[in-house]
Amino acid sequence: MTMTTQERCIAPEERTSAARADWNLLIDSVRESGQYPTRAEAERVTRIVLSTLGGHVTGDERVDLARALPEEAARLIAGQIPVTSPLTAPGFVDSVAARIEGATPATARWDVSSVLSALPPLIGDDLTNRVLAALPPGYALLFGRADLGRR
């Protein structure tokens, strides 16, 4: 990633501090929407969901998504090997359920929705729409959006 002039003028420790703050805001948002009892639980779920998502978003959308997210989240997205064929939304939820001890399809759907619905305010409507267009039908609901007319 190339840095803007403004980013180059910010000392590395300040960038790290800002990235941590953004990560903390993301985790706080997930904790609130998912009603997780601890911050650690919200962070654990966020890491699992984002790392799973990272394999399913490819191309420019993957690059732009990583750029739009806090540094820690970007690493989770970018650090995954892209899958050759993205899972359906229910398959994605099942994949997350398999990675969370004791999860059921219902609790995994809650976890996925808690994390993915926290992304649109961070990444904006345009990128959210592009990511959704690149994924199989059914993901919009996981991102907290209506899935109107998408086949």
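Predicted model: local features only at pLDDT ≥ 70, side-chain atom pairs only at ≥ 80, totals over all residues.
Figure 1. R67 forms a salt bridge with D64, with the closest N and O atoms 4.0 Å apart. Both residues belong to helix 4. They sit 3 residues apart, about one turn of the helix. D64 has 24% relative accessibility, so D64 counts as partly exposed. An α-helix has 3.6 residues a turn, so residues three or four places apart point the same way.

Figure 2. Helix 4 spans residues 59-68. Which of its residues are buried? They are E61, R62, L65 and A66. These residues lie on the same side of helix 4, because they cover an arc of only 130 degrees around the axis. D60 and R67, on the other side, are exposed. What covers the buried residues of helix 4? The cover includes helix 3 (39-54), helix 5 (71-78) and helix 8 (120-134).

Figure 3. E61, one of the buried residues of helix 4, forms a salt bridge with R130. The closest N and O atoms of this pair are 3.5 Å apart. R130 has a relative accessibility of 26%, so R130 counts as partly exposed.

**Figure 4. R39 and E43 along helix 3.** R39 and E43 both lie in helix 3. Their positions are 4 residues apart, about one turn of the helix. They form a salt bridge, with 3.7 Å between the closest N and O atoms. Is R39 exposed, partly exposed or buried? At 25% relative accessibility, R39 counts as partly exposed. A network of salt bridges that share partners joins D28, R39, E43, R47, E71, E72 and R75. The search of the whole structure finds 11 salt bridges.

**Figure 5. T46, a buried threonine in helix 3.** T46 is placed in helix 3. Its relative accessibility is 0%, so T46 counts as buried. The cut-off for buried is under 20%. A polar atom of the T46 side chain lies 2.7 Å from the backbone oxygen of A42. What does T46 touch, leaving aside neighbours within four places in sequence? Its contacts are W23, L26, I27, V30 and V115.

**Figure 6. The largest nonpolar core.** The core has 38 residues. Which residues have the most contacts inside it? They are L50, L53, L116, L119 and F143. Helix 2, helix 3, helix 5, helix 6 (89-99), helix 7 (105-116), helix 8 and helix 9 (139-142) each give two or more residues to this core. Helix 3 gives the most, with 6 residues.

**Figure 7. L119 and its surroundings.** L119 is among the core residues with the most contacts. Not counting residues up to four places away in sequence, L119 touches L26, L50, L53, L69 and F143. L50, L53 and F143 are also among the core residues with the most contacts. Where does S29 lie relative to L119? The C-alpha atoms of S29 and L119 are separated by 9.4 Å. Along the chain, the two residues are 90 residues apart. S29 is found in helix 2, which spans residues 12-34. With 32% relative accessibility, S29 counts as partly exposed.

**Figure 8. The whole chain, for orientation.** How many helices and strands are there? The protein chain has 9 helices and 0 strands. Its pattern along the sequence is α-α-α-α-α-α-α-α-α. Of its 151 residues, 39% count as buried. Among contacts with a separation of 6 or more, 61% come from residues 24 or more positions apart. The accessible surface is about 8300 Å². Carbon and sulfur atoms account for 55% of that surface.

Definitions and conventions:
Residues numbered from 1 in each chain as written. Heavy atoms only, no water. Buried < 20%, exposed > 50% of the residue type's maximum accessible area, 1.4 Å probe, protein only. Arc of directions from axis to C-beta. Contact = heavy atoms within 4.5 Å. Areas by Shrake-Rupley, 256 points an atom, 1.4 Å probe, with all protein chains shown as cover. Salt bridge = Lys/Arg side-chain N within 4 Å of Asp/Glu carboxyl O. Core = buried A, V, L, I, M, F, W, Y, C linked by side-chain atoms within 4.5 Å. Polar contact = N/O pair within 3.5 Å; in protein donor to acceptor, adjacent residues only side chain to side chain.
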